[in-house]
Amino acid sequence: MMKTTYTLAALMLTAFVGTAAHADQAAQMARGKELFITASVPACAVCHTLKDAGTEGAIGPVLDELQPDAARVARALRDGIGSMPSYKATLKEEDINALASAIERSDRRRE
């Protein structure tokens, strides 16, 4: 009986942790999409096309075609690249990570 109780408790904890992690990931995706569309200054959507965000920017690379990973996006956000400015002074690190993850994940959904 004791072993069954521990097993049930472990399963419930695993389900809770999995649900919490999924909720955190969904919140991070929503924040990343918000930053992409409007919350960053200038907004990424002004320059970049990203189907998942419903944007058609005409200046920067089409992110749907480029399919950068999160590390590449975060590096570009921190350091700037080409005519893209650095966002290091205007975005918090967690916002840079949320934005980078949202762009990477939007690419993975199309595979």
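I began with Q67, which sits in the loop between α3 and α4. Helices here are DSSP runs of H or I with at least four residues, numbered from the N terminus. The model is predicted: local features need pLDDT of at least 70, side-chain atom pairs count only at pLDDT 80 or more, and totals for chains, interfaces and linings use all residues. Residues are numbered from 1 along each chain as its sequence is written, and side-chain values use heavy atoms, with hydrogens and water left out.

**Loops**

I looked up the backbone of Q67 and found a positive phi of about 50 degrees, although Q67 is not a glycine. Its relative accessibility is 40%, so I put Q67 down as partly exposed. For the record, buried is under 20% relative accessible area, exposed is over 50%, and partly exposed is in between, with a 1.4 Å probe and protein chains only.

I then went to the loop between α1 and α2, where P42 lies. V41 and P42 are joined by a cis peptide bond, with omega at about -5 degrees.

**Helix α4**

I checked α4, residues 70–79, and noted A70, V73, A74, A76 and L77 as buried. Viewed down the helix axis, these buried residues fall within an arc of 160 degrees, so they line one face of α4. The arc is taken from the directions from the helix axis to the C-beta atoms. Just after α4, I found G80 with a positive phi of about 75 degrees.

**Core**

For contacts I used heavy atoms within 4.5 Å.

I found Q28 in helix α1, residues 2–39. Q28 counts as partly exposed because its relative accessibility is 24%. Leaving aside neighbours within four places in sequence, Q28 is in contact with N97, A98, S101 and R105.

D95 is in α5. D95 is buried, at a relative accessible area of 11%. With residues up to four places away in sequence not counted, D95 touches R31 and L35.

S106 also lies in α5. At 1% relative accessibility, I marked S106 as buried. Its contacts, leaving aside neighbours within four places in sequence, are with L50 and D52.

**Pocket**

Last, I looked up the largest pocket, which holds about 480 Å³ of space. A pocket is an open set of points on a 1 Å grid over the protein atoms alone, where a 1.4 Å probe fits, with protein on both sides within 12 Å along at least five of seven lines; lining residues have an atom within 4 Å of a point.

I noted 25 lining residues, and H48, P61, A76, I81 and M84 are the closest to the centre. Each of α2, α3 (63–66) and α4 supplies at least two residues of the lining. The largest share, five residues, is from α4. By type, I recorded 18 nonpolar, five polar and two charged residues in the lining.

Terms used. Points joined across faces, edges and corners; volume = space filled by probe spheres on them. Nonpolar A, V, L, I, M, F, W, Y, C, P; charged D, E, K, R; others polar.
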